[in-house]
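Subject: A structure to look through

Dear colleague,

I am handing over a structure for you to look through, and below it you will find what turned up in it. Please keep the view open while you read, and check each item as you go.

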Amino acid sequence: MRNYFLFGFNFERNTRFYEKIGIRTFKYLVPTCGDLWIKLYQRIFKKKVSLTTTRKKAVHFATMTQVYELIHYFGFALLLTINISVLLQGKINSTIWIFLMNIVVNLYPIILNRYNRIRLSKIYDIKKKELNLSNIDLSEKSK
């Protein structure tokens with residue numbers, strides 16, 4: 001089950017599933033390393049930015065998507081708990097807003113991390129054994 005969870009279920013093997021649910025638009029707009037913001041940064045500072053210029057960086061980035069995904073799962077569970085609490089209080093409008101916020105703030109980032117990890121694994125031929133969380137070198141981020 002861990003392999004499916006971390007590396008994709010059968011329906012995820014092809015990125016078309018994600019593209020059909022609009023992940024490319026979300027990827028373009030996301031404020032943390034979204035395509036729009038990277039282009040804007042490059043235009044303003046005249047500096048080329050790439051998170052995956054080498055295979056080693058791609059493996060590191062793909063591994064970090066597991067960490068980011070896990071963080072968003074916790075956030076999703078927390079907001080879902082708050083959502084249920086608000087629903088039990090009978091506040092339907094608040095329940096709807098919290099639910100929609102949870103989709104944008106947690107569910108789509110989870111999907112984006114899965115999408116990125118699967119794309120990187122295909123592009124750089126990254127094997128499952130390479131995406132080991134115990135091998136994360138945090139100093140790699142500053143390079």
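**Salt bridges**

E19 forms a salt bridge with R24, and their closest N and O atoms lie 3.4 Å apart; a salt bridge here is a side-chain nitrogen of Lys or Arg within 4 Å of a carboxyl oxygen of Asp or Glu. E19 counts as partly exposed at 28% relative accessibility, whereas R24 is exposed, with a relative accessible area of 53%. For these words, buried means under 20% relative accessible area, exposed means over 50%, and partly exposed is in between, with a 1.4 Å probe and protein chains only.

Before going further, please note that this is a predicted model, in which local features need pLDDT of at least 70 and side-chain atom pairs count only at pLDDT 80 or more, while totals for chains, interfaces and linings use all residues. Residues are numbered from 1 along each chain as its sequence is written, and side-chain values use heavy atoms, with hydrogens and water left out.

A search of the whole structure finds six salt bridges. In one of them the side chains of E130 and R55 meet at 2.7 Å, N to O, and this pair links distant parts of the chain, with E130 in the segment after α6 and R55 in helix α5, 75 residues apart. E130 is partly exposed at 23% relative accessibility, and R55 is partly exposed as well, at 36%.

Another of them joins R114 to E69, with the closest N and O atoms 2.8 Å apart; here too distant parts of the chain are linked, since R114 is in helix α6 and E69 in helix α5, 45 residues apart. Are R114 and E69 buried or exposed? R114 counts as buried at 6% relative accessibility, and E69 is buried with a relative accessible area of 2%. E69, R114 and R117 are linked in a network of salt bridges.

**Helices**

The protein chain has six helices and zero strands, where helices (H or I, at least four residues) and strands (E, at least two) are DSSP runs numbered from the N terminus. Of its 143 residues, 31% count as buried.

How far apart should the ends of helix α5 be? At 1.5 Å a residue, its 34 residues (55-88) should span 50 Å, and the end C-alpha atoms are 49 Å apart, which agrees; the expected span is 1.5 Å times one less than the number of residues. The buried residues of α5 include A58, A62, T65, E69, L79 and V86. An α-helix has 3.6 residues a turn, so residues three or four places apart point the same way.

**Positive phi values**

K46, which is not a glycine, has a positive phi of about 55°; K46 sits in the loop between α4 (35-45) and α5 and is exposed, with a relative accessible area of 71%. D125, also a residue other than glycine, has a phi near 50°; D125 lies in the segment after α6 and is partly exposed, at 46%. Just after α5, G90 takes a positive phi of about 85°.
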